[in-house]
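Welcome, and thanks for taking a look at this one. Here is a short briefing to read alongside the coordinates.

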Amino acid sequence: MTPPGWRGGAAAVATLTFDVDAESPVLAEGARFAHHLSTMSHQAYGPEVGVPRILDLLDDLAVPATFFVPGWVARRYPGLSSSIVERGHEVAHHSYAHKAPTAMTEREERDDFAMAMDVFTSQGIEILGYRAAMWGARWQTPELVAEHGLLYDSSLMADDRPYRILTARGEIAELPVHWSLDDWEQYAFLPEPHIGSVIESPLKVLEMWRAELDGMRHYGCLFNLCCHPFLSGRPGRIMALRRLVEYALECGDVAFMRCGDLARAVLDDQTLDARPLPEPPSYP
Ligand code: ZN
């Protein structure tokens, strides 16, 4: 019998998440970059080289994962989402055009959200959850997630354990993220557009993420790792990721889950806070 609660008796839960952004974040900075072959090739590396390599790694280590895919990317690479689902992993909603909700009007956000849902429906992909592009959720975003009948959001940072959010359209689980567990801050570099300017050592990144995992095992948290195939699919970096997962498996007290499965456990766990969304702070 599984012990009650979202961790199911584990010291920490790990969700390995891969945001398959491909060309979309660069094009969101300027449609003119579509004509820049080198930049497009740098981004296409994600779905073309990174994703197959990551799927093989997950097979080797027998751990499940969740891939957040923008609808635009799913449409541009028509076999991508099914290639992920066929290997036992989850595909989740990551906007259509990879524009942050905070950079859109409410109408634009609603249209973008629905457009991505239509792409996944047309490809026969079941969607359980959502992550805002750039983690740029608006105050209305959780309600939009609930309105579409999804189980969870994974864009907010109010805790390092999952919680339940009460919206006017129903309850969703929040699987919180943090910049310290995002490979973008470690590896993103392009001269133009400016998406980042660091190329850190994978050994440093491994050490940092392992320390975070140990802390989360101590405090009973969600280790919600966010990697991007165009960044972490590169050879030295994916070897560091392999060593991180091997370390977590050796610990023997870390449960690896797909986000959708975790969200169900969170919504069933009545010991977790159910938090109504407060009003935006009034300032000054
Ligand atoms: Zn993204």
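How many bridges join strand 6 to strand 7, and do they run parallel or antiparallel? Strand 6 (residues 163-167) and strand 7 (residues 170-174) are joined by 5 bridges and run antiparallel. Please keep in mind that this is a predicted model. The notes below go through strands, helices and some backbone details.

- Since 4 of its 5 residues are buried, strand 6 is largely enclosed by the rest of the structure.

- Strand 8 (residues 222-227) is mostly covered, with 6 of its 6 residues buried.
- Leu-222, Asn-224 and Cys-226 point one way from strand 8, while Phe-223, Leu-225 and Cys-227 point the other way, and all are buried.
- Strand 1 (residues 12-19) pairs with strand 8 in the parallel sense, over 6 bridges.
- One of the contacts to look up is Thr-17, which has Cys-226 in strand 8 as its bridge partner.
- Asp-19 lies in strand 1 too. Its relative accessibility is 2%, which is under the 20% cut-off, so Asp-19 counts as buried.
- The C-alpha atoms of Asp-19 and Pro-47 are separated by 10 Å, although these residues are 28 apart along the chain.

- Helix 2 (residues 37-61) has 25 residues and reaches 35 Å from its first C-alpha to its last, close to the 36 Å expected at 1.5 Å a residue.
- There is a kink of about 40° at Gly-50 in helix 2, shortly before the proline Pro-52.
- Ala-62 follows helix 2 and has a positive phi, near 55°.
- Two packed helices are described by the angle between their axes and the distance between the axes.
- For helix 2 and helix 10 (residues 235-251), the axes come within 11 Å and cross at roughly 25°.
- That angle is under 35 degrees, so helix 2 and helix 10 count as roughly parallel to each other.
- The crossing of helix 2 past helix 10 is right-handed.

**Backbone details to check**

- Most residues other than glycine have a negative phi, and most peptide bonds are trans.
- His-98 has a positive phi, near 60°, and is a residue other than glycine. His-98 lies in the loop between strand 3 (90-93) and helix 5 (106-122).
- Is His-98 buried or exposed? At 3% relative accessibility, His-98 counts as buried.
- Met-134 is not a glycine either, yet has a positive phi of about 60°. Met-134 is in the loop between strand 4 (129-130) and helix 6 (141-147), and at 46% relative accessibility Met-134 counts as partly exposed.
- Glu-192 and Pro-193 are joined by a cis peptide bond, with omega about -5°. Pro-193 belongs to the loop between helix 7 (184-187) and helix 8 (202-219).
- Tyr-283 and Pro-284 are joined by a cis peptide bond as well, with omega about 0°. Pro-284 lies in the segment after strand 10.

Note on methods: Residues are numbered from 1 along each chain as its sequence is written. This is a predicted model: local features need pLDDT of at least 70, side-chain atom pairs count only at pLDDT 80 or more; totals for chains, interfaces and linings use all residues. Side-chain values use heavy atoms; hydrogens and water are left out. Helices (H or I, at least four residues) and strands (E, at least two) are DSSP runs, numbered from the N terminus. The expected span of a helix is 1.5 Å times one less than its number of residues. The bend at a residue is the angle between axes fitted to the seven residues ending there and the seven starting there. Buried means under 20% relative accessible area, exposed over 50%, partly exposed in between (1.4 Å probe, protein chains only). Two strands pair if DSSP finds at least two bridges between them. Axes are lines fitted to C-alpha atoms, for helices over the stretch in contact, and angles run from 0 to 180 degrees between N-to-C directions. Angles under 35 degrees count as roughly parallel, over 145 as roughly antiparallel, 65 to 115 as roughly perpendicular and the rest as oblique. A crossing is left-handed if the near helix is turned anticlockwise from the far one by less than a right angle, and right-handed if clockwise.
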